[in-house]
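I opened the model to look up its sheet, its cores and its side-chain links. My notes follow in the order I made them.

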Amino acid sequence: ATRYGSWLTGSEVADVEQIPRGGGAVIRRGVQKIAVYRDTRGTLHEMSASCPHLGCLVEFNSDEKTWDCGCHGSRFDCMGRVLNGPSNADLSPAEEPSPAKG
(Lines give C-alpha, C1' and ligand atoms only; values in the text may rest on other atoms or scores of the structure.)
Protein backbone atom coordinates (compact mmCIF):
# COMPACT_ATOMS: atom_id res chain seq x y z
CA ALA A 1 0.00 0.00 0.00
CA THR A 2 2.89 2.39 0.66
CA ARG A 3 3.97 2.12 -2.98
CA TYR A 4 0.62 3.55 -4.09
CA GLY A 5 1.18 6.58 -1.84
CA SER A 6 3.69 7.88 -4.39
CA TRP A 7 0.69 8.84 -6.54
CA LEU A 8 0.09 11.67 -4.05
CA THR A 9 3.54 13.23 -4.31
CA GLY A 10 4.72 15.98 -6.62
CA SER A 11 7.32 15.87 -9.37
CA GLU A 12 10.86 14.63 -8.83
CA VAL A 13 12.14 17.77 -10.56
CA ALA A 14 10.75 21.31 -10.57
CA ASP A 15 11.08 21.56 -14.36
CA VAL A 16 11.83 19.02 -17.11
CA GLU A 17 14.81 21.19 -18.11
CA GLN A 18 16.52 19.79 -14.98
CA ILE A 19 16.54 16.28 -16.48
CA PRO A 20 20.03 15.67 -17.89
CA ARG A 21 20.73 13.97 -21.22
CA GLY A 22 20.49 10.23 -20.67
CA GLY A 23 18.41 10.79 -17.51
CA GLY A 24 14.83 10.41 -16.46
CA ALA A 25 12.38 11.60 -13.82
CA VAL A 26 8.73 11.22 -12.90
CA ILE A 27 6.74 14.44 -13.06
CA ARG A 28 3.20 15.35 -12.12
CA ARG A 29 0.90 16.77 -14.78
CA GLY A 30 -2.42 17.45 -13.11
CA VAL A 31 -3.51 14.12 -11.66
CA GLN A 32 -1.21 12.16 -13.97
CA LYS A 33 2.31 10.93 -13.26
CA ILE A 34 4.52 11.01 -16.37
CA ALA A 35 7.84 9.21 -16.85
CA VAL A 36 10.09 11.59 -18.80
CA TYR A 37 13.36 10.49 -20.41
CA ARG A 38 15.80 12.89 -22.11
CA ASP A 39 17.82 11.06 -24.77
CA THR A 40 21.46 11.82 -25.58
CA ARG A 41 20.38 14.34 -28.25
CA GLY A 42 18.28 16.24 -25.71
CA THR A 43 14.86 15.14 -26.97
CA LEU A 44 12.24 14.45 -24.28
CA HIS A 45 10.19 11.25 -24.41
CA GLU A 46 7.09 11.02 -22.23
CA MET A 47 5.14 7.95 -21.15
CA SER A 48 2.79 7.01 -18.36
CA ALA A 49 4.64 6.33 -15.11
CA SER A 50 2.03 3.69 -14.22
CA CYS A 51 3.23 0.10 -14.56
CA PRO A 52 0.73 -1.81 -16.73
CA HIS A 53 0.90 -4.81 -14.37
CA LEU A 54 -0.90 -3.40 -11.31
CA GLY A 55 -0.53 0.38 -11.54
CA CYS A 56 2.43 1.09 -9.27
CA LEU A 57 4.71 3.97 -10.29
CA VAL A 58 7.97 3.25 -12.03
CA GLU A 59 11.25 4.93 -11.05
CA PHE A 60 14.19 5.76 -13.30
CA ASN A 61 17.26 3.59 -12.71
CA SER A 62 20.13 5.86 -13.80
CA ASP A 63 22.72 3.06 -13.64
CA GLU A 64 20.83 0.76 -16.02
CA LYS A 65 18.92 3.48 -17.92
CA THR A 66 15.65 1.63 -17.21
CA TRP A 67 12.28 2.35 -15.66
CA ASP A 68 11.82 -0.08 -12.78
CA CYS A 69 8.66 -0.96 -10.87
CA GLY A 70 9.37 -1.55 -7.22
CA CYS A 71 6.11 -3.41 -6.60
CA HIS A 72 6.67 -6.59 -8.57
CA GLY A 73 9.95 -6.12 -10.44
CA SER A 74 8.84 -5.22 -13.95
CA ARG A 75 11.51 -3.36 -15.92
CA PHE A 76 11.20 -1.19 -19.01
CA ASP A 77 13.87 0.32 -21.24
CA CYS A 78 14.33 4.10 -21.28
CA MET A 79 11.66 4.39 -24.00
CA GLY A 80 9.10 2.38 -21.99
CA ARG A 81 9.37 -0.99 -23.76
CA VAL A 82 8.97 -3.95 -21.41
CA LEU A 83 12.20 -5.84 -20.68
CA ASN A 84 11.14 -8.10 -17.79
CA GLY A 85 7.74 -9.00 -16.35
CA PRO A 86 5.44 -9.70 -14.74
CA SER A 87 4.19 -6.86 -16.98
CA ASN A 88 3.70 -8.05 -20.53
CA ALA A 89 2.92 -4.60 -21.95
CA ASP A 90 4.94 -1.44 -22.57
CA LEU A 91 4.39 1.79 -20.67
CA SER A 92 1.58 3.73 -22.36
CA PRO A 93 2.29 6.97 -24.19
CA ALA A 94 1.65 10.03 -22.01
CA GLU A 95 -1.55 11.91 -22.63
CA GLU A 96 -1.09 15.32 -24.16
CA PRO A 97 -1.65 18.23 -21.78
CA SER A 98 -5.08 19.81 -22.09
CA PRO A 99 -5.09 23.11 -23.98
CA ALA A 100 -5.59 26.19 -21.83
CA LYS A 101 -9.19 27.34 -21.65
CA GLY A 102 -9.96 30.96 -21.91
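Is arginine 75 buried, partly exposed or exposed? I found arginine 75 partly exposed, with a relative accessible area of 23%. Buried here means under 20% relative accessible area, exposed over 50%, and partly exposed in between, with a 1.4 Å probe and protein chains only.

Ground rules. I am working with a predicted model, in which local features need pLDDT of at least 70 and side-chain atom pairs count only at pLDDT 80 or more, while totals for chains, interfaces and linings use all residues. Residues are numbered from 1 along each chain as its sequence is written, and side-chain values use heavy atoms, with hydrogens and water left out.

Salt bridges. I searched the whole structure and got four. The criterion is a side-chain nitrogen of Lys or Arg within 4 Å of a carboxyl oxygen of Asp or Glu. Arginine 75 is paired with aspartate 68, with 3.1 Å between the closest N and O atoms. Aspartate 68 is buried, at 18% relative accessible area. Next I looked at arginine 81, whose partner is aspartate 77, with the closest N and O atoms 2.8 Å apart. Arginine 81 is partly exposed at 46%, and aspartate 77 is buried at 15%. I also noted glutamate 17 with arginine 38, at 3.7 Å from N to O. Glutamate 17 sits in the segment before β1 and arginine 38 in strand β2, so this pair ties together parts that are 21 residues apart in sequence. Glutamate 17 is exposed at 59%, whereas arginine 38 is buried at 10%.

Sheet. I took strands as DSSP runs (E, at least two residues), numbered from the N terminus, and counted two strands as paired if DSSP finds at least two bridges between them. There is an open sheet of three strands, antiparallel, in the order β1-β2-β3. β1 (23–29) and β3 (44–48) are at the edges with a single partner strand each, so one side of each has no neighbour in the sheet. Neighbouring strands are turned by 30° against each other on average, direction ignored; the axes are lines fitted to C-alpha atoms. Between β1 and β2 (residues 32–38) I listed seven bridges, and arginine 29 has glutamine 32 as its bridge partner in β2.

Cores. I defined a nonpolar core as a set of buried Ala, Val, Leu, Ile, Met, Phe, Trp, Tyr and Cys residues joined through side-chain atoms within 4.5 Å. The largest has 15 residues, of which Ala35, Ala49, Val58, Trp67, Phe76 and Leu91 touch the most other members. β2, β4 (58–61) and β5 (66–69) each give two or more residues to this core. Apart from it I found another core of seven residues, including Val13, Ile19, Ala25 and Ala94.

Cysteines. With sulfur atoms within 2.5 Å as the test, the whole structure has one disulfide. Cysteine 56 is joined to cysteine 71, S to S 1.9 Å. The link is left-handed, with -90° about the S-S bond. Cysteine 56 lies in the loop between β3 and β4 and cysteine 71 in the loop between β5 and β6 (75–77), so the pair ties together parts 15 residues apart in sequence. Cysteine 56 is buried at 2%; cysteine 71 is partly exposed at 23%. Cysteine 51 is in no disulfide, and the nearest cysteine sulfur, that of cysteine 69, is 4.0 Å away. I noted cysteine 51 as buried, at 3%.

Key. Helices (H or I, at least four residues) and strands (E, at least two) are DSSP runs, numbered from the N terminus. Axes are lines fitted to C-alpha atoms, for helices over the stretch in contact, and angles run from 0 to 180 degrees between N-to-C directions.
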